[in-house]
Amino acid sequence: LKAALDQAAAIARDMSFTKTLGNLPGNICTPTYLAKQAVELGKTHKSIKTTVLEEKDMQKLGMGSLLSVTRGSVEPAKLITLEYSGADKKQKPIVLVGKGVTFDSGGISLKPGAEMDEMKYDMCGAASVLGTMQAIAEMGLKLNVVGVIPTCENMPGGKATKPGDIVTSMSGQTIEILNTDAEGRLILCDALTYSAKFNPDTVIDIATLTGACVIALGHVASGMFSNEEKLAQELLAAGEQTHDRIWQMPLWDDYQPLLDSNFADMQNIGGRAGGTITAACFLARFTKEYRWAHLDIAGTAWLSGKQKGATGRPVPLLSQYLINRAG
């Protein structure tokens, strides 16, 4: 009973931490600010080792897709990793990848002005990874977990990426960027390729990725895709346990041709129909080396209107999944 209470308290505290990060304005919560928060986590918890890569490091790694998003901003991009060691070094880690766009104007494909202020919430995937990493450190879970956070701003500018530009991802695959507002998948694909270096047991990415997911599922359930049914069922079960619910959506190859490009290996959008699915299909092209799940939290990470504010989701789901994995 005490263990259950301690776990619940840790999850509640770190939902609050996640909400605080999400609610901060974009002029305060920059990629540099997120990196500082990650470094502080490493100082507070000896079980967490934090590393921050700069843009020059990403260039050496060939992260042309991630770097294409940050070109229009004066804020430097960061690639943050947090390595939690709670088990034997031989045990393969679970990797959590969080989208960290600290403000998303849409870039050259500029968003409408109405409600654009809410695009400070486009880093809620990153915030949920930070919150979950802190929660498992406080709980002392006996497993290994790595948090990977690609973080940047997406802004228009003289150097900004233009529709029609072609970039080369870390995987070597080329991408024709038809819409600069489909930027989340561009930073995630390089982070997912990078995640393979940890020889992961499982990789889960968390992202406020598509407005189409809000149309499909509203503000109740997060969308979930996976390349392994067992992993999908484990996540669904954790969601039911915590009432932080998700809904599995198809990742069928039938959707892949929508991403075909005449000039590159793929384009970064697949048209209006099935937008949440084609975004997941894009990411699936970079996750063939390991078992993987994608959580689209665009409809659940924050509330609008009079209740405007971050929700702290899916920290309960992720924490419970990791508790279950730790046994």
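Tutor: Let's start with a rule: two strands pair if DSSP finds at least two bridges between them. Helices (H or I, at least four residues) and strands (E, at least two) are DSSP runs, numbered from the N terminus. This is a predicted model, where local features need pLDDT of at least 70, side-chain atom pairs need pLDDT 80 or more, and totals for chains, interfaces and linings use all residues. Residues are numbered from 1 along each chain as its sequence is written, and side-chain values use heavy atoms, without hydrogens or water.

Student: OK. What's the strand order in the open sheet of three strands?

Tutor: The order is β6-β7-β11, and the pairing is mixed. β6 (165-168) and β11 (266-267) are the edge strands, each pairing on one side only.

Student: How many bridges join β6 to β7?

Tutor: Four. β7 covers residues 174-177, and the two strands run antiparallel.

Student: Which residue in β7 is the bridge partner of Ile166?

Tutor: Glu176 is the partner.

Student: Which residues of α8 are buried?

Tutor: Leu231, Ala232, Glu234, Leu235, Ala238 and Gly239. Buried means under 20% relative accessible area, exposed over 50%, partly exposed in between (1.4 Å probe, protein chains only). The arc is taken from the directions from the axis to the C-beta atoms.

Student: And what do the buried residues of α8 pack against?

Tutor: β8 (202-207), β9 (222-226), β10 (246-248), β12 (292-296) and α10 (315-326). Contact here means heavy atoms within 4.5 Å. The face turned away carries exposed Lys230 and Glu240.

Student: What follows α8?

Tutor: His243, with a positive phi near 60°. His243 lies in the loop between α8 and β10. At 56% relative accessibility, His243 counts as exposed.

Student: Where is Asn199?

Tutor: In the loop between α6 (184-195) and β8. Asn199 has a positive phi of about 50°, although it is not a glycine. Asn199 is partly exposed, at 46% relative accessible area.

Student: Back to helices. Which residues are buried in α1?

Tutor: Ala10, Ile11, Asp14, Phe17, Thr18, Leu21 and Gly22. They fall within an arc of 135°, so they line one face of α1. They pack against α2 (31-44), α5 (124-139), β14 (309-310) and α10. Exposed Lys2 and Leu5 sit on the face turned away.

Student: Is the peptide bond from Arg313 to Pro314 cis or trans?

Tutor: Cis, with omega near 5°. Pro314 lies in the loop between β14 and α10.

Student: Last one: how many aromatic pairs are there?

Tutor: Four. Rings of Phe, Tyr and Trp (its six-membered ring) pair if their centres lie within 6.5 Å; planes under 30 degrees apart count as stacked, over 60 as edge-to-face and the rest as tilted. One of the four joins Tyr194 and Phe198. Their centres are 6.0 Å apart and their planes at 80°, so the pair is edge-to-face.

Student: Are Tyr194 and Phe198 buried or exposed?

Tutor: Both are buried. The rings of Phe282 and Phe286 have centres 5.4 Å apart and planes at 40°, so this pair is tilted. Phe282 and Phe286 are buried too.
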